[in-house]
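The questions below concern the chain shown here.

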Amino acid sequence: MPPVADAAGHLDHALADAIIASSPEAIVLFDETRRIHFANEAAGLLLGLDAAAIVGTRLDDHVPLERAGTLDAGWAAMRQAGRRDGVVELVRADGSRLVADYRGVAGIRPGIDLLTL
């Protein structure tokens, strides 16, 4: 078996990509405007969309319209604390709604935040 990490513990990039892509947990990367830059297959399954179709949308596009206003406060709290977790109601592509646990991490790269669902 090839090594999965180097002596310093840095994960092989190909392995990291495979882990993210195949994770059963939805993974989304987004910017300060809440525009989504990456979504894995599990995120697509959760929202009833192809993962590529999620890229370019905003987090706001996937919550009920009446709840979209609450994202500002939640995102600001995550940015201030560095992390945030909770529960969010989502709207799937077919219009159905579901409730999901989420965990957010601010600034995993400059200007990029992480959300798992």
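Q: What is the accessible surface of the protein chain, and what share of this surface belongs to carbon and sulfur atoms?
A: The model is predicted: local features need pLDDT of at least 70, side-chain atom pairs count only at pLDDT 80 or more, and totals for chains, interfaces and linings use all residues. Residues are numbered from 1 along each chain as its sequence is written, and side-chain values use heavy atoms, with hydrogens and water left out. By the Shrake-Rupley method with a 1.4 Å probe, the accessible surface of the protein chain is about 7200 Å², and the carbon and sulfur share is 58%.

Q: In what order do the elements of the protein chain run from the N terminus on?
A: Helices (H or I, at least four residues) and strands (E, at least two) are DSSP runs, numbered from the N terminus. The protein chain has four helices and five strands. Their order is α-β-β-α-α-α-β-β-β.

Q: Which residue in β4 stands opposite V91?
A: β3 and β4 (residues 97-109) pair in the antiparallel sense over nine bridges. The residue in β4 opposite V91 is R97.

Q: Is D113 buried or exposed?
A: D113 lies in β5 (residues 112-116). Buried means under 20% relative accessible area, exposed over 50% and partly exposed in between, with a 1.4 Å probe and protein chains only. Because the relative accessible area of D113 is 0%, D113 is buried.

Q: With which side chain does the side chain of D113 make a polar contact?
A: Contact means heavy atoms within 4.5 Å; not counting residues up to four places away in sequence, D113 touches residues including V28, M78, R79 and V105. A polar contact is a pair of N or O atoms within 3.5 Å; within protein, one must be able to donate a hydrogen and the other to accept it, and residues adjacent in sequence count only if both atoms are side-chain atoms. At 3.0 Å, the partner of D113 is W75.

Terms used: Two strands pair if DSSP finds at least two bridges between them.
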